[in-house]
Amino acid sequence: MYKIAKENLSALFRLIAETRELYLPVKTAGQTNYAAWSEDAEVDLDTLKTVKSAKDAFFPQSEGLYTVKKEGKKMSVEPEGLKEQDFVVFGMKACDVKGLEVLDNVFLSDPVDTFYAARREHGTVVAMACHEPEETCFCKVFGVDAAEPKSDVAVWTAGEDLYWKALSEKGEALTEAVKELFTDADEAAVEAEKEAIHKILEKLPYMNLSLEGWNGDALSEKFDSPIWEELYKPCLACGTCTFVCPTCQCYDIKDYSAGDTVSRYRCWDSCMYSDFTMMAHGNNRTSQMQRFRQRFMHKLVYYPANNDGMYSCVGCGRCVEKCPQALNIVKVIKAFQNQGGEQ
Amino acid sequence: MSSEKKQAELIKEISGVNPLKCMKCGKCSASCPSYNEMDIKPHQFVSYVINEDIESLVNSKSLWKCLSCFACVERCPRDVKPGKLIDAARQIVVRQKGQNYLLADEIPELLDPELPQQLLVSAFRRYRR
Amino acid sequence: MQELINRAKELLADGTVARVLGWKGGDLPYNPEPAYFETAEELADFVYNSFCGANLSKYMIEASKLEGKTMVCLKPCDTYSFNQLIKEHRVDREKAYIVGVGCKGKLDIEKIKKKGVKGIESIEGAEITDEADTLKIQTIYGEKSCAYADAMLERCHVCKGKEHMVYDELIGDSKETKDADRFDEVARIEAMSPEEKFAFFQKELSKCIRCNACRNACPACSCRKCVFDSTKFDSSQKANVDSFEEKMFHIIRAFHVAGRCTDCGECSRVCPQGIPLHLFNRKFIKDIDGLYGEYQAGADTTSKAPLTNYTFEDAEPSIVGKRG
Amino acid sequence: MSLEKKEFKPKIVAFCCNWCSYAGADLAGSSRLTYPADVKIIRVPCSCRVNPMFILRAFEKGADGVIMCGCHPGDCHYSTGNFYARRRMTLLFSMLDYIGVENGRTRVEWVSAAEGVKFSETMNSFVEKIYSLGENVRLGDLRCKS
Amino acid sequence: MQRIGVFVCHCGSNIAATVDVSKVAEMALMEPGVVHAEDYQYMCSEAGQAKIAAAIQEKNLTGMVVCSCSPRMHEATFRKAAERAGLNPYMVEIANIREHCSWIHKDVEEATKKAVILMRAAIAKVNLNAPLQPGESRVTKRALVIGGGIAGIQTAIDIADAGYEVDIVEKTPSIGGRMSQLDKTFPTLDCSACILTPKMVEASAHEKINIYTYSEVEKVSGFVGDFTVDIRKKARSVDMDKCTGCGVCQEKCPSKKAPSEFNRGLNTRSAIYTPFAQAIPNVPVIDREACIKFKTGKCGLCAKVCQAGAVDYEQKDEIVTEKYGAIVVATGFDTIKLDQYDEYAYSQSKDVITSLELERVMNAAGPTHGHLERLSDGKAPKEIVFIQCVGSRCSDDRGKPYCSKICCMYTAKHAMLIRDKYPDVNVTVFYIDVRTPGKNFDEFYRRAVEQYGVNYIKGQVGKVIPQPNGKLLVQGSDLLDNKQILKEADMVVLATAIEPNPDVRKIATMLTASIDTNNFLTEAHAKLRPVESPTAGIFLSGVCQGPKDIPETVAQAGAAAVKAIGLLAKDKLLTNPCTAQSDILLCNGCSTCENVCPYGAITYEDKEVNDHGIRETRRIAVVNSALCQGCGACTVACPSGAMDLQGFSNRQIIAEVDAICR
């Protein structure tokens, strides 16, 4: 365990950035999101939740796949290179780290997504314990400990210091590279911080949410429930919940023509969109109710059914905060709880 | 560029006039109150500029006989405005004397019995900055 | 609020309406959601408080297709949107029983949180009947307070007035909240140098994630299929690959609603990234007012919209450069 | 960065209505009134056919200037088309100005079928303006800048 | 995928001298969809068209691009050629590499590059073209002639002689127009009335011609073959059917102070009046502004003296709605106002008059009964000065930039007539140029100089100064003698510029006919289609299209009639298939498009739709393709992009933009 005074963090960032790309929460025009570090970036570690999750660093909102170049009637294809540069994502919360596990299950199982795999290989995650969790958090429900982030490096803030602990080989390597800025520390302050966090977590309103009945077996009864018909009504069909979510992994593949070159890229898609999975004949989900249901069935039923009971929600609460019409996964879970007896 | 051509271009630039627009109607000469005093007539100013014979224009009597009353400028149907051409030719002379612009203090020095008063007034109006 | 519930029960009971469109209480002190109620029992969950910011008029497009009338609760500003939708034949006036509800300014939870308020347990002062100027907020990190006006949505500071443009009956009192000029912010940007303007919008739009919340919440964006979703224009959609795409999207969106936008402020309210999207629409409104005469979309259902109208003497496009 | 500076050759799109401005451009041609080859004309039936999307699209794909020409107000072949176009373009240009795009990059001129001279003068002055503004970097998709 | 052929025309050296045509053809083959490319000397020639036909058939082309002159020139030619070879004509696009490229650029490399880009844009468009089928519309076998001067009369007679109904709408109480105001005509010196009156009578007596005098066109809708026109018949206050034309009312009318329009205000007329003796119809109108009955309610003398009981003070304006297949504009001209020409003292002296006023002065029916006298004091002038080009050929905004064309000849006529009748009068003409192209014209002018001794001075007049003795001091220049001339004259005559009738602007707007900067109506092609407006079904007759003398006007009137007859002779017209269409799956039914459609071509219907499985009834915009003229206003007004224009679709234009910016 090492520590570094908070006021020296910029020196730390500068040092990391010398050898690696560094992504961390940066405030732009009033909002905090993960972005590349630079000398004049306004680093913001105080905001608990960035608007978008850190998923961008491994699964960018859009990324090129290959480019087709036309010369006369001849064409040549140039695949996009894989990530080769080591990079660090600093400040991820335990929930977002858990989100990566969800993505790993999808992208690293056969067939392996090489773009994602390369990013995972070159990325080192420095995760940060949640100093002051908020009422929208419910990570505990999905087995996440906000005080004990599991990643390459874990850091805690306590008093005027930041405590640093490498948890993996990649973490050790990063620590080695920046050790000169650290001083040794004992675990007392961190333990106290962890305890304080756990105490706060107990008080949060959503922490005791029950997931009873949500598992792979309940598929058709959940699917056919009339509750969806009521739940979806306020939904605007925007993609906010999916785009801020640390686990949503659907993407669309599109082409962009710049005249003599055409680039194929992928970009996040949202199951809330009317053209999600649009095919030549149309769309297999014709109503917003069906699209709305898809999102939650996927998170709470389909995904666990295929991944040994692991949910593809991590309880970060971003959708709770950001849905324009105040819909969210918690309301969905609760709605079924209340009606539970009827099924 | 020959010096004649340069001078002609300079006149066009100062006056903002395109002499090629002239259709040789003679209304300028018909309007001119100093016509009889002039050796080169107003409608001829245009041809002198077209022919790049600025030397003759600058040395003409007309240069100092034009009252700058601008009757020709007002009445020219083709926007050629011989009055402005002659005015520009005068400015070339003034500039050659090393005087880009006139100052009120300099007027007495320039006074010359040959020079019409109106010219001074109009020159002052035009070249004062 | 009780008055609203009672009236809703009456209207349901006497068959005037088949359902009520209002808000249902949430599970946090600040997250009520738009909801339909079909029975008196369901109305137990009905709420109407200062967090009911959503403009329900757009829901009436779908509700107009349902059997029977829908009682819809519209705030004064929402009624402009409803009128505009009538004008565009998107809602059926006959299918709506409009209850004009009072408004004393709606709250923006983001603004409260931006003040560092975390772990909210309860909020006092947000009920429609409350007269308090200050919100008392109980959090797990202690009690906090916040001036009501400081927590109001941007649109409420430039409120168009508390008069309903269309309604069947009015319930509840309103309180004037306007304390700023609607066009001040636009004028401030107009006064910037091109470099500053560009930097300002570049920074704001760089946050855009193309979630389409602004479009989908907008009552003027009522297209069945947006041009950005259709293949007709070969236009980009949902990806933000290049910074130009957001500009294109927001400019075209603002252009498409120009002369139709009532300035209801939903776009800015719903933006998860807090982009002041109203600045686009309001620029057009300011230009239209200045160039073609004052026009308030949704003030009526018959007037000709500025972009489907003209006069011989209209300003030339070159005026843009001349205004300086 | 390479020190070699590529000579700036602007891409300029001109939308011309079929009845007046396109004919005006034809007249400029048959009168041999030159203007720079940077200008490429797209024929549309009327200025009111020009969608703001087309203009932004041109910028997206790398245009440095877009000019729209139509019949003089009151002379529209379809009576009213250019009146609507005038309002649309005024608002669009104002918006582009508002977001910090140099307003010299867009222009509307009314050119009749008889105004070959005006057409060529307009194009000359517009191209000159675009040269003075230089490359368009504020609008445009980076993928198109190769 | 289309199979596109590209044909590059050399146009002799017009294109080939500045554009490397074979390079263009070679580059064409690089483009997607292009399966054939060739260049040829004259693509529009028979041999060129044969090459096109051969390629279409041999290579199974589905689309083609011709890189040639302006589509306004030969698009129709190439489309027809394609159609003959079995290709839908709307699968043809033109890349204009002549007017927009070879003629304006000098550098071969640069011009070739541009030509290639223009070609690419056309190819990109054709790739998205779809075959279109023109619709059909009917032709109403009736023509409308607006204006009852010599142009309108001649056109009407020619159309009527071909067997079609014609209506003439004339704004003033009588047909006859400017020609009726003239005394003699050049170059034969016939009496104007003697040759015009028979034409007027012929028109009014023609069974196929119907004349609306004292009437104006109020509203025009529809399109070629099927115009609907509202004509306002202004209240004449005299019953046309009852009036016998005896003229007693005019004699008895106590209000005789109204300036006579016919005599250019040089004398007055009664409030109830026919403009001139030979007026057709010979039925007076009451000028309600001047009439005592209308101003005060008292009088009513004309009604009392009218034995036929024709006077009707209660008469109201009447709107007649009529359908026409063709419309001919013959609105003629007026002289310009001279209030900006102070130097000629027109408003200061009664003895400075315009040439048209001189016509009235010299006319036996005019204010001086044909005696040449000064209007100030009635004295016979001894010295007359004519000033040419007053307001013509003027590049400032006081006058007109064009040559009025008729002044040189009528001035020669006036000078000659004066010298003939009053040999003691000196006539001086100040001219800039004397322009006499026309049969027997120069001979006529030379006669004025040689036979009649008219003094022509090359030079313009600078100013005219009225003298205390009543004379006019004319200060002019003689450029040939290089001297300034001061001349005392008794009378000065100004050859005032002519301009199109001011009403033509309003009429052109109603007809959607285009107009040039001088308010002359634009012809479809300056050389090849001089009597047609670019707007189909609208034809031009007389000075409304440009300055003309009488023989030219009559010739053009006949030409316009032939064009109108050609149209009326058809039973059906093929309509432009490039019309708007609404996509029922995208349409919101919001009515925005309807609001901007100038033709009322858009209506709304409740339609059953199946939107990928969602079945519902929706309000959908429907375009009447017979009414739609394809302007595209609706396509931009439509926020969802449901409205699109065939032949100029969103995707086509975007493809062109992309190709150009590539």
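Helices are DSSP runs of H or I with at least four residues and strands are runs of E with at least two, numbered from the N terminus. This is a predicted model, in which local features need pLDDT of at least 70, side-chain atom pairs count only at pLDDT 80 or more, and totals for chains, interfaces and linings use all residues. Residues are numbered from 1 along each chain as its sequence is written, while chains are lettered from A and ligands numbered from 1 in the order in which they are written.

Q: What makes up the secondary structure of chain B?
A: Chain B has nine helices and zero strands. From the N terminus on, its elements run α-α-α-α-α-α-α-α-α.

Q: What part of chain B counts as buried?
A: Of its 129 residues, 39% count as buried (20 or more other C-beta atoms within 10 Å of the residue's own, with C-beta atoms placed from the backbone).

Q: Why is strand S5 (residues 74–79) of chain A said to lie largely in the open?
A: Of the six residues of S5(A), the number buried is zero, so the strand lies largely in the open.

Q: What makes strand S4 (residues 62–71) of chain A and S5(A) a pair?
A: Pairing requires at least two bridges found by DSSP, and these strands have six, in the antiparallel sense. Lys70(A) stands opposite Met75(A) in S5(A). The hairpin has two residues between its strands, and Gly72(A) takes a positive phi near 60° there.

Q: How do you know that the span of helix H4 (residues 116–133) of chain D agrees with its number of residues?
A: The expected span is 1.5 Å times one less than the number of residues. For the 18 residues of H4(D) that should be 26 Å, and the end C-alpha atoms are 26 Å apart, so the two agree. Just after H4(D), Gly134(D) takes a positive phi of about 80°.

Q: What do the buried residues of H4(D) pack against?
A: Those residues, among them Phe119(D), Met123(D), Phe126(D) and Ile130(D), pack against strand S1 (12–17), helix H1 (21–30), strand S2 (39–44), strand S3 (65–70) and strand S4 (106–110) of chain D.

Notes. Buried ≥ 20, exposed ≤ 12 C-beta atoms within 10 Å, placed from the backbone. Contact = placed C-beta atoms within 7 Å.
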